[in-house]
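Please read it with the viewer open.

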Amino acid sequence: VAEHNAVRENVGLFDVSHMGEFYFEGPDALKFANYIFSNNIDNVEDGQCQYTLLLNDHGGVVDDLILAKINDEKIFMVVNGANVEKDYEWITARTEGFDVKVINDTDKFSVIAVQGPNAPKVVQALTDYNLDDLGYYHMVEDIEIAGKKANISNSGYTGEAGYEIYTAWDDGPAVWKALMDEGAVPCGLGCRDTLRFEAAMPLYGNEMDEDHSPIEAGLKFAIKFDKGDFVGKEALEKEIEEGQKKKIIGLELKGKGIPRQGYKILKDGKEIGEITTGYL
């Protein structure tokens with residue numbers, strides 16, 4: 001509770017170095033990204049980030065992720081930690097016909113998320129870069145934070161203002177300590193989960209997975225059907241044509257009890273759904 005409230009009212013600090021980091025590099029980087037992901041990267045400017053989905057042929061979600069377009073021949077992306085190897089294999093198996101290299105740089109990065117209303121103040125104290133120049137959902141490369149070289153994005157998964165800082169693996173502890181010295185409160189991943197849930201942010205493995213489509217999860221905004229062919233497009237078009245059979249909704253308990261993930265939802269004794277995420 002203290003950690004959750006620190007993020008909502010002050011500034012919290014998360015070690016998210018378990019997340020995976022990939023690059024697409026080459027003349028067909030953009031073309032390949034538009035084929036392998038659901039969103040349209042043609043709408044993204046250099047330095048801008050985008051939420052997108054990696055789908056299977058049946059329209060299920062292999063993973064959801066954030067990418068950053070560095071330039072037309074270089075794209076950086078952050079994938080869920082539990083899916084690093086699976087995502088890498090899935091993506092590289094579909095590069096035939098594209099002049100692109102897929103690079104897994106996960107082991108090279110230490111990643112720190114700084115989240116909360118005072119996050120801009122805390123991070124600005126450690127860098128000469130003017131954070132006012134970094135727009136929401138944008139990334140800048142090769143700046144200095146606490147004397148260490150870093151990439152930083154104006155993003156996060158808590159519903160608060162904040163940044164995600166990518167440093168060399170060995171530089172992470174020094175940057176972490178400097179942020180703590182400026183008043184950031186260390187927070188765990190349990191707190192991160194309650195924060196993203198409170199802000200109605202979906203999570204892979206909860207609101208979506210390989211057997212559930214992004215349309216069911218309310219993520220149609222991240223699917224651009226007018227951009228040309230992409231993996232999973234035909235299956236999603238068929239789902240829309242036949243009519244959506246499931247959708248994500250919010251429930252509030254009026255009595256005591258905790259709606260845990262996986263609990264069945266009944267109406268008149270008949271099962272009509274299940275809890276994807278639930279807390280007291």
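1. **Salt bridges.** A salt bridge here is a side-chain nitrogen of Lys or Arg within 4 Å of a carboxyl oxygen of Asp or Glu. Side chains of opposite charge can pair when their charged atoms come close. The whole structure holds 13 salt bridges by this search.

2. **Ground rules.** The model is predicted: local features need pLDDT of at least 70, side-chain atom pairs count only at pLDDT 80 or more, and totals for chains, interfaces and linings use all residues. Residues are numbered from 1 along each chain as its sequence is written, and side-chain values use heavy atoms, with hydrogens and water left out.

3. **Overall make-up.** The chain has seven helices and 13 strands. Helices (H or I, at least four residues) and strands (E, at least two) are DSSP runs, numbered from the N terminus. Along the principal axes, the C-alpha atoms fill a box of roughly 60 × 55 × 30 Å. The radius of gyration is taken over C-alpha atoms, and the globule rule is 2.2 Å times the number of residues to the power 0.38. For 280 residues, a compact globule would come out near 19 Å; the chain has 20 Å, which agrees.

4. **Burial.** Buried means under 20% relative accessible area, exposed means over 50%, and partly exposed lies in between (1.4 Å probe, protein chains only). Of the 280 residues, 50% count as buried.

5. Ile165 sits in strand S10 (residues 162-168). Its relative accessibility is 0%, so Ile165 counts as buried. The C-alpha atom of Ile165 is 4.5 Å from that of Ile152, and the two are 13 residues apart in sequence. Leu13 belongs to strand S1 (residues 12-15). Leu13 is also at 0% relative accessibility and therefore buried.

6. **Asp46–Lys69.** These side chains meet in a salt bridge, 3.5 Å from N to O. Asp46 lies in the loop between helix H2 (29-36) and strand S3 (49-55), and Lys69 in strand S4 (residues 61-71), so the pair ties together parts that are 23 residues apart in sequence. Lys69 is buried, with a relative accessible area of 8%.

7. **Lys148–Asp171.** Lys148 forms a salt bridge with Asp171, and the closest N and O atoms are 3.9 Å apart. This pair links distant parts of the chain, 23 residues apart: Lys148 is in strand S9 (residues 148-153), and Asp171 is in the loop between S10 and helix H5 (172-181). Lys148 is partly exposed, at 27% relative accessible area.

8. Glu271 and Lys264 meet through their side chains in a salt bridge of 4.0 Å, N to O. Glu271 is partly exposed, with a relative accessible area of 48%. Lys264 is partly exposed too, at 49% relative accessibility. Separately, salt bridges link Arg8, Glu160 and Glu198 in a network.

9. **Backbone points.** Two residues deserve a look at phi. Tyr137 is not a glycine, but has a positive phi of about 60 degrees. Tyr137 falls in the loop between helix H4 (119-124) and strand S8 (139-145). Asp142 is not a glycine either, and has a positive phi of about 55 degrees. Asp142 lies in strand S8.

10. **Charged surface.** Which residues form the negative surface patch? They are Asp229, Glu234, Glu237, Glu241 and Glu242. Patches are made of residues with over 30% relative accessible area and no salt bridge; like charges are joined within 9 Å, and nonpolar side chains (Val, Leu, Ile, Met, Phe, Trp, Tyr) within 5 Å. Glu234 is found in helix H7 (residues 233-242). Glu234 is exposed, at a relative accessible area of 71%.

Terms used: Areas by Shrake-Rupley, 256 points an atom, 1.4 Å probe, with all protein chains shown as cover. Lys, Arg positive; Asp, Glu negative; His and termini not counted. Charge placed at Lys NZ, Arg CZ, Asp CG, Glu CD.
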